[in-house]
Amino acid sequence: MPPSIPNPADLPLPAPDALAHSARLAEHIREAIRAAGGLIPFSRYMELVLYAPGLGYYSAGARKFGAAGDFITAPELSSLFSRCIARQCREALTAIGGGSILELGAGSGIMAADMLLELQALDSLPEEYLILEVSADLKQRQRQTLATKATALASRVRWVDGLPDTFSGVIVGNEVLDALPVERFLKTHTGHEQYCVREAADGFDWSTRPAGEQLAATLAAFETTLTAPLPAGYVSEICLGAAPLVSSLAAVLTRGALLLMDYGYPRNAYYHPERSMGTLMCHYRQRAHGDPFLYPGLQDITTHVDFTAVAEAGVSSGLELAGYTTQAHLLMALGVAALAGTDMRATQQVKLLTLPEEMGERFKAISFTKGIDAALSGFALRDLSRTL
Ligand SMILES: C[S@@+](CC[C@H](N)C(=O)[O-])C[C@H]1O[C@@H](n2cnc3c(N)ncnc32)[C@H](O)[C@@H]1O
């Protein structure tokens, strides 16, 4: 459940230049709403607010990651996370006799830097380290991070604007699926309403309309995959971009593995009757709340991931499901405790990464393989694939 909508007065006030930036993005969104006749689907609002070129949260210069930003991801929290993921990549690359790594949505570039340093230390550097990043601003940030943190290895990294035609190696992505735009819907006695966004006197507000033919058909078909139909009044969201993204990754992967980490649930837990307001969540300066209209462009908007949809997309695209587990079990299986040793700071980071009340249970990892016979070590401690 998203936390209650904050009182903006309780949140840190953005700097004047940030407010001016937000006002420019808001005007851009208002133009889109007017051009569409007064309403845009929430998915379009989320796309614009996060990715409008030069203006969106991920496309422009907001600080975003880390303690000084809006939220902390696992690679930002500790290099131990990326070192473990590097070890999983190394195992998969060894199984196929070498290959490259392709990282989706590399954020600040810290995971790429820490993975490359770990793989160098293990004498297992990949042929290439490719990054597919939609944000021009973040590409720049990634270049800077790699140049300062992994100077000698930065030349191994190549940014690509789209997926290669074929790829052999490991594709990784941390918290990319949760950043994809979603459709928000309301179940009614007669069908489904689509949540839309309209202009309001002081910004934007929600509005609903009957789901169009295509969305209605998609939602009706989707509901048949649940153990029970959703009750009237139920609000949630569906990420229509996740399955096509996974399928496109599967289509280019000739041999190797796909490893995605994110927060989310199997479908029946995600769409549990008690989760009746969905999982939409916003992050602004380390505060989580439920108002996506606050400071457009200055805060992150995310939803949890339906890992059953991810598994279905991978398997129906010819991949083998290699495992699904919690972040805690993934990292423990990959030796995070031994990597931390007795260092107090590292031990504290392991706690944050693995304790159930911290990131350990909420975050999950799913992996698929193609042309790899051996099991992946990351899923050896606890494989929850049967829950999907
Ligand atoms: C929540 S951030 C996570 C960043 C980083 N992986 C981390 O864990 O710190 C989401 C990232 O995914 C990128 N992104 C969003 N949609 C994408 C897509 N379709 N393909 C590649 N990257 C995408 C964003 O620009 C951003 O870098």
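Analyst: Two rings of Phe, Tyr or Trp, with the six-membered ring taken for Trp, form an aromatic pair if their centres lie within 6.5 Å. In this predicted model, F42, Y45, Y195, F204, W206 and F293 form one aromatic cluster. The structure as a whole holds 14 aromatic pairs.

User: Why is the aromatic pair of F42 and W206 called tilted?

Analyst: The ring centres of F42 and W206 are 5.1 Å apart, and their planes stand at 40 degrees.

User: What makes the pair of Y263 and F363 edge-to-face?

Analyst: The planes of Y263 and F363 stand at 90 degrees, with 5.1 Å from centre to centre. An angle over 60 degrees counts as edge-to-face, so the name applies here. Y263 lies in strand 10 (residues 253-265) and F363 in strand 16 (residues 363-370), so parts that are 100 residues apart in sequence are tied together. Y263, at 6% relative accessibility, and F363, at 5%, are both under 20% and therefore count as buried.

User: How do you know that R184 lies over the face of Y195?

Analyst: R184 is placed 4.7 Å from the ring centre of Y195. That is within the 6 Å cut-off, and its position over the face also requires an angle within 35 degrees of the ring normal. R275 is likewise over the face of Y265, at 3.9 Å from the ring centre.

User: Why is the contact of E199 and R34 called a salt bridge?

Analyst: Side chains of opposite charge can pair when their charged atoms come close. The closest N and O atoms of E199 and R34 are 3.1 Å apart; this is within 4 Å, so the pair is a salt bridge. E199 lies in strand 7 (residues 192-200) and R34 in helix 1 (residues 16-35), so the bridge ties together parts that are 165 residues apart in sequence. E199, at 28%, and R34, at 46%, both count as partly exposed. E27, R30, R34 and E199 are linked in a network of salt bridges.

User: How many salt bridges does the structure hold?

Analyst: There are 13 salt bridges. One of them joins R44 and E47, whose closest N and O atoms are 3.4 Å apart. Both residues lie in helix 2, three residues apart, which is about one turn of the helix. R44 has a relative accessible area of 34% and E47 is at 37%, so each is partly exposed.

User: What makes D161 and K139 a salt bridge, and where do they lie?

Analyst: Their closest N and O atoms are 3.1 Å apart, and that is within 4 Å, so D161 and K139 qualify. D161 lies in the loop between strand 4 (157-160) and strand 5 (167-174), while K139 is in helix 6 (residues 136-149), so parts 22 residues apart in sequence are tied together. D161, at 74%, is over 50% and therefore exposed. K139, at 16%, is under 20% and therefore buried.

User: Why is Q142 called buried, and what does Q142 touch?

Analyst: Q142, found in helix 6, has 0% relative accessibility; this is under 20%, so Q142 counts as buried. Leaving aside residues up to four places away in sequence, Q142 touches A106, G107, S108, G109, I131, E133 and W159. The side chains of Q142 and E133 are 3.1 Å apart, which is within 3.5 Å, so they make a polar contact.

User: Which residues are the closest to the ligand?

Analyst: The ligand is surrounded by 18 residues, the closest being Y51, T73, G105, E133 and N174. E133 places a polar side-chain atom 2.5 Å from an oxygen atom of the ligand. A polar backbone atom of G105 lies 2.7 Å from a nitrogen atom of the ligand. A backbone N or O atom of N174 is 2.7 Å from a nitrogen atom of the ligand.

How values were computed:
Residues numbered from 1 in each chain as written. Predicted model: local features only at pLDDT ≥ 70, side-chain atom pairs only at ≥ 80, totals over all residues. Heavy atoms only, no water. Phe/Tyr/Trp six-rings, centres within 6.5 Å; stacked < 30°, edge-to-face > 60°. Helix = DSSP H or I, 4+ residues; strand = E, 2+ residues; numbered from the N terminus. Buried < 20%, exposed > 50% of the residue type's maximum accessible area, 1.4 Å probe, protein only. Salt bridge = Lys/Arg side-chain N within 4 Å of Asp/Glu carboxyl O. Polar contact = N/O pair within 3.5 Å; in protein donor to acceptor, adjacent residues only side chain to side chain. Contact = heavy atoms within 4.5 Å. Near = heavy atom within 4 Å.
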